[in-house]
Amino acid sequence: MSAEDDRRHMRHALALAQRGLGNVWPNPAVGCVILKDRRIVGRGWTQPGGRPHAEVVALAQAGLAARGATAYVTLEPCAHHGKTPPCAEALVAAGVARVVSALMDPDPRVAGRGHEILRAAGIEVVEGVEAAGARELNAGFLRRVTRGLPMVTLKLAATLDGRIATASGESRWITGPAARRMVHALRLSHDAVLVGSGTARADDPDLTVRDLGAVRQPVRVVFDSRLSLSPDSRLGRSARDVPVWICHGPSANETARRAWQATGARLIPCAETEGHLDPVAALSALAGEGLTRVFCEGGGQLAAALLAADLVTDLVAFTAGKVIGGEGVPAVGTMAVGHLAEAKSFDLVETATVGGDVVTRWQSRRKD
């Protein structure tokens, strides 16, 4: 098998793994392709809820044909007993002859042990194939394991002059239906959708994925230090149907706490800084609950807080061909940037036209 063949089959495995994004947390999204005599005999990806794992799905499909085959796996096979047996041992038991992996799993329970199990059984192991693609695909999982934080995608939908609403607060709709449909697809690829309390009060959003069939809904998260959002909001009324988590400060009113708990929402106490939720502490708490990918939809003050704290890893900006003027509501709140050198910097990844709007995707220049 040539190096180019290995890369091609790993790209196939990465495409399979992508199907798990938003569905498998706290597990990584993994894909697996099993090749025998240049023919694909099994393929799989980690299933909703994180099990069964990709390797197990692919091995079940391959059956006896897995013996002597090559398995392409986008992340080092797990080596620990959890809710499922170790995938490294499953590959050994199936008799595969060769395993090609993209990345070592930094989880301390694995961290090279999966590859060691395979090599100890006489299986050839090739590492680092299409590593960059695998790293980007599982950026959220890797960030959670290594830094205790989820990756954060910040969505901005604004006019040409960077406004998200008129002075009176009217914001429906800045962008067109095609852009809004794309936002639903982005929600679907994340574990959670996040908004600040101001946006939740002003817009009374639903934050679910709609018009994309029967899907596993992301967790809906609100940063609300004082629990100011009414339990009779759309989020409160639907909390038993789709999870709602509220990150609040230590001084939140006890009556409000009880009222929100009665809706079925989950309350997560977090530290405060200068009277506001500490964004690092809040995101650390979400990572502690298993979230790996968070999609932030505003508002401006929350966007500014996340940007100022260098917590935004990806930024997706939808730009509409409208101009509101300086009296409109800005997409990002004040950040006290006095010099251009202090501005948060992002690199352009891609740009596209969506209906009558333009969407650009950017990645933070900070790689930690």
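Which residue lies over the face of Trp45? Arg19 does, at 4.4 Å from the ring centre.

## About the model

This is a predicted model, in which local features need pLDDT of at least 70 and side-chain atom pairs count only at pLDDT 80 or more, while totals for chains, interfaces and linings use all residues. Residues are numbered from 1 along each chain as its sequence is written, and side-chain values use heavy atoms, with hydrogens and water left out.

## Charges and rings

A charge sits over a ring if NZ of Lys or CZ of Arg is within 6 Å of the ring centre and within 35 degrees of the ring normal. Besides Arg19 over Trp45, Arg266 lies over the face of Trp245, at 5.3 Å from the ring centre.

The ring centres of Trp25 and Trp245 are 6.1 Å apart and the planes stand at 85°, so the pair is edge-to-face. Here, rings of Phe, Tyr and Trp (its six-membered ring) pair if their centres lie within 6.5 Å; planes under 30 degrees apart count as stacked, over 60 as edge-to-face and the rest as tilted. The pair links distant parts of the chain, 220 residues apart: Trp25 is in the loop between α1 and β1 (31–36), and Trp245 is in strand β10 (residues 244–248). Helices (H or I, at least four residues) and strands (E, at least two) are DSSP runs, numbered from the N terminus. Both tryptophans, Trp25 and Trp245, are buried, where buried means under 20% relative accessible area, exposed over 50%, and partly exposed in between (1.4 Å probe, protein chains only).

## Salt bridges

The model has 20 salt bridges, each one a side-chain nitrogen of Lys or Arg within 4 Å of a carboxyl oxygen of Asp or Glu. In helix α1 (residues 3–17), Arg7 and Glu4 sit three residues apart, about one turn of the helix, and their side chains meet at 2.9 Å, N to O. Arg7 is partly exposed at 33% relative accessible area, and Glu4 is partly exposed at 38%. These two belong to a network of salt bridges that links Glu4, Arg7, Arg11 and Glu130.

Asp206 and Arg210 form another salt bridge, at 3.2 Å, N to O. Asp206 is buried, with a relative accessible area of 15%, whereas Arg210 is partly exposed at 37%. Then there is the salt bridge between Arg226 and Glu272, at 2.5 Å, N to O. Arg226 lies in the loop between β9 (219–223) and α9 (234–237) and Glu272 in strand β12 (residues 272–273), so the pair ties together parts that are 46 residues apart in sequence. Arg226 is partly exposed at 39% relative accessibility, as is Glu272 with 26%.

## A buried glycine

Where does Gly325 lie? Its place is the loop between β15 (314–319) and β16 (329–330), and Gly325 counts as buried at 19% relative accessibility. Leaving aside neighbours within four places in sequence, Gly325 is in contact (heavy atoms within 4.5 Å) with Asp161 and Arg163. The C-alpha atoms of Gly325 and Leu160 are separated by 9.6 Å, although the two residues are 165 apart along the chain.
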